[in-house]
Amino acid sequence: MLLAEFDGPDELLHAARELREKGYPAETYSPFALESEEELEAPPRPWLPWLVGIAFVLGAVTAYLVQWYVAARDYPLDVGGKPPHSPLAFVPITFEMGILAAALTTVVGLLAGMRLPRLSRPEFEVEGFEDASVDRFFLATHERASATLWLLGAKRIVAFTLLALLVGGCDLQRMTDQHRPGVRTPPARAIPTNEIVDPRIAEGLEGDGFVREIPIPVTRPLLERGRDRFEVFCAACHGVLGNGDTVVADRMALRRPRSLLEEEVRKEPVGELYSAIAHGYGLMTSYAAQLPVEDRWAVVAYLRALQVSQSVPADRGAPR
Amino acid sequence: MIELLERQKERPYAALTDEVIAPLAEPWSPLGHALFVATAAGTGILAAAIFWTFFHGIGAWGNNQPVAWAFGITNFVFWIGIGHAGTFISAFLVLLNQSWRTSINRLAEAMTIFAVTQAGLFPLLHLGRPWFFYWLFPYPATMRVWPNWKSALPWDFAAVSTYLTVSVLFWYVGMLPDLAAARARLQGGLRRRIYGVLALGWKGSGSDWRLYKVAYVLLAGLATPLVISVHSVVSLDFATGVVPGWHSTIFPPYFVAGALFSGFAMVLTLVIPVRKVFGIEHLITAEHLDKLSKMLLLTGWCVIYSYVIEFFLAWKSGEPFDRYTHFVAWPLGPYWPVFWFMMIAGNVVAPQFLWSRRVRRSPVALLPICLMVNAGMWAERFMIVAGSLSRDFLPSSWGEYAPSVTDLALLFGTFSFFGFLFLLFLRFVPIVAVSELKEEVHAPR
């Protein structure tokens with residue numbers, strides 16, 4: 001699961017609505033009840049009122065039967081000549097016991113419905129989550145929604161897992177101390193994976209061939225993001241410099257991962273590079289699962305920069 | 001101050017939270033210390049008076065024949081009546097969607113619980129042999145003794161214990177989100193841990209909030225008829241009796257109106273100093289005082305109407321003893337100063353100043369009015385209990401009642417104990433429902 005933090009209640013509600021429309025689960029966490037959240041999921045759990053109603057009737061009927069049994073059956077007592085079974089005199093206790101049973105049921109039902117009391121939760125291990133009861137607004141959703149979360153304006157995304165509860169038995173595991181695939185600032189105007197219909201962006205295709213220009217704005221954050229992703233996912237085989245000089249490549253003597261600095265690769269349209277990432281190439285598998293659309297373009301953009309930087313003749317490398 | 005305003009701009013919800021939560025971790029003020037010691041000492045006096053009552057028996061009280069009920073039952077009715085405004089504010093006003101209750105409901109509910117605690121003491125002590133109080137509960141005893149359901153005592157037992165239970169539940173459920181805020185905001189391991197455990201692991205998810213709102217309205221819906229039933233049952237202690245001054249069908253609604261009236265006066269009595277001392281006049285504003293005063297005026301007129309009907313019924317009944325009690329024994333009998341200077345001055349005259357908007361918004365003017373109403377409502381119950389019993393059907397056995405030292409110590413002691421509990425509340429519980437306030441700030445209704 002992912003836990004994303006949002007600036008305020010309105011942003012949170014907007015994000016929850018958008019995610020649900022796209023079919024993702026979305027659970028909000030807020031310091032106060034969000035009015036429109038209630039309208040979002042009508043009807044709001046109709047079972048509790050029914051339960052409480054039944055409890056009221058059961059409590060009242062039991063109280064009446066006890067009074068009747070005691071006063072009219074087991075030990076009839078003559079008080080001022082009144083009949084042993086005096087319904088009017090039984091009214092107050094009948095009513096009070098109905099209310100008592102109903103109120104207790106309300107509270108027990110509420111706690112059961114909220115799965116409380118439970119003092120430890122995976123969410124609580126996320127740093128800053130305790131302020132969800134003060135002034136911070138969180139949203140839990142599926143991991144695959146990370147790109148969408150950024151687009152919806154999440155300030156921060158933290159992975160947390162229900163598994164933390166199982167292993168958490170050994171020690172307190174602060175999820176923030178661990179590998180966090182999601183903690184980062186999104187590239188400006190990043191493109192979500194699950195919304196793209198434009199084949200130029202989604203597939204790198206234009207007409208019959210590959211696109212020749214990167215179809216999203218190339219910015220410094222995009223390049224930096226691309227470098228980061230490249231060094232995580234590409235450099236292991238292709239090398240940090242993209243020259244294919246790696247241990248992995250040495251072991252794959254029959255068909256080495258190629259140097260990305262070769263003339264042939266340089267001449268490939270960006271769409272083709274994109275396609276190799278998205279669908280794989282030769283022995284290379286698809287990296288679509290690891291790299292969402294905007295990340296693929298970020299890698300492509302960085303690769304282009306790498307190719308330029310690695311092919312500058314020595315005499316032209318002087319600082320300007 | 002500027003810093004606070006800046007923070008309010010940056011993180012309005014956090015500033016609001018801290019304003020209520022931060023005092024929980026601050027050291028006691030000298031005033032708080034002094035009041036704490038004073039009320040603790042008063043509570044000691046209560047304990048001593050209770051001990052003496054147990055040790056010596058009910059003879060330690062001033063009760064006699066014919067006045068077999070006096071301070072004990074007066075105090076019981078007085079305290080339980082105080083509680084009613086708290087429930088009314090928290091429950092009934094929720095159902096009516098009155099958002100102004102938000103700033104004062106926690107405080108009013110606390111008042112209810114502590115008042116009902118005091119009230120519960122008196123019938124127990126009055127049992128004579130309080131250690132057999134469980135005889136009120138229908139359990140299969142070897143002696144085959146069952147409670148007598150046609151007596152008002154088991155009704156009281158059922159009503160008061162239900163009332164206390166439901167009030168505590170309502171209070172606690174309403175507090176859960178604020179306890180979670182205290183868990184987040186307070187430094188220091190132990191304090192944080194205690195509030196954490198009390199918050200039960202509240203996480204404030206959307207589905208939690210939805211269920212919570214449903215449950216809260218359900219509890220409010222249950223508490224509203226409950227509060228009306230409780231004082232009706234209390235009034236039946238009297239109305240089912242034949243004593244002149246008791247035997248009247250107006251009693252249940254009359255008592256409920258009186259209970260709300262005295263309760264609103266007590267809420268104001270507590271709110272006025274608290275908002276001053278804690279500097280939360282912007283949370284509990286003059287607007288709140290104004291609304292509470294209007295409620296006080298309204299319920300005051302319900303009480304006046306009840307008085308008129310009560311006296312009218314006594315006159316119309318043609319019963320000489322009924323007429324005598326209402327028109328001679330009360331206003332001219334042994335307790336005439338209590339009748340005129342406390343009951344009439346407090347309940348009929350004092351609230352009329354609330355017609356003025358300036359009075360309603362002025363804490364200085366309101367406080368004496370509320371204290372007069374408190375005294376007046378206590379006096380009303382005293383007149384009904386002791387005033388009626390001292391002049392019943394047999395003029396040969398008429399007799400007066402004077403409180404003993406133990407009686408006075410019990411009355412004083414319950415005020416101290418009430419104050420003591422209320423100080424603890426101010427010290428350890430978020431005194432304003434912050435999560436509800438934040439909701440108001442976000443989307444004012």
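Author: P66(B) is found in the loop of chain B that runs between α3, residues 30-56, and α4, residues 71-95. In this predicted model, the peptide bond that joins Q65(B) to P66(B) is cis, with omega about 10 degrees.

P117(A) lies in the loop between α4, residues 87-113, and β3, residues 137-141, of chain A. That loop between α4 and β3 of chain A also holds R115(A), whose phi is near 55 degrees, a positive value in a residue other than glycine. Is R115(A) buried or exposed? A residue counts as exposed if 12 or fewer other C-beta atoms lie within 10 Å of its own, and because R115(A) has 11 such neighbours inside 10 Å, R115(A) counts as exposed.

In chain B, a positive phi is found at N97(B), where the angle is near 60 degrees, again in a residue other than glycine. N97(B) is placed in the loop between α4 and α5 of chain B, the latter helix spanning residues 105-126. With 8 C-beta neighbours inside 10 Å, N97(B) therefore counts as exposed.

As for the setting of the loop that carries R115(A) and P117(A), chain A has 12 helices and six strands. Of the 320 residues of chain A, 36% count as buried. Among the contacts in chain A with a separation of 6 or more, 70% are accounted for by residues 24 or more positions apart.

The two chains also meet, and the contact takes 54 residues from chain B and 56 residues from chain A. On the side of chain B that touches chain A, the elements that give two or more residues are α2 (12-21), α6 (152-185), α7 (189-198), α8 (206-239) and α16 (434-442). The largest share of that side, 16 residues, comes from α8(B). By type, the residues on the side of chain B that touches chain A divide into 30 nonpolar, 13 polar and 11 charged.

How values were computed
Residues are numbered from 1 along each chain as its sequence is written. Chains are lettered from A and ligands numbered from 1 in the order in which they are written. This is a predicted model: local features need pLDDT of at least 70, side-chain atom pairs count only at pLDDT 80 or more; totals for chains, interfaces and linings use all residues. Helices (H or I, at least four residues) and strands (E, at least two) are DSSP runs, numbered from the N terminus. A residue is buried if 20 or more other C-beta atoms lie within 10 Å of its own, exposed if 12 or fewer, and partly exposed in between; C-beta atoms are placed from the backbone. Two residues are in contact if their C-beta atoms, placed from the backbone, lie within 7 Å. Ala, Val, Leu, Ile, Met, Phe, Trp, Tyr, Cys and Pro count as nonpolar, Asp, Glu, Lys and Arg as charged, and the others, Gly among them, as polar.
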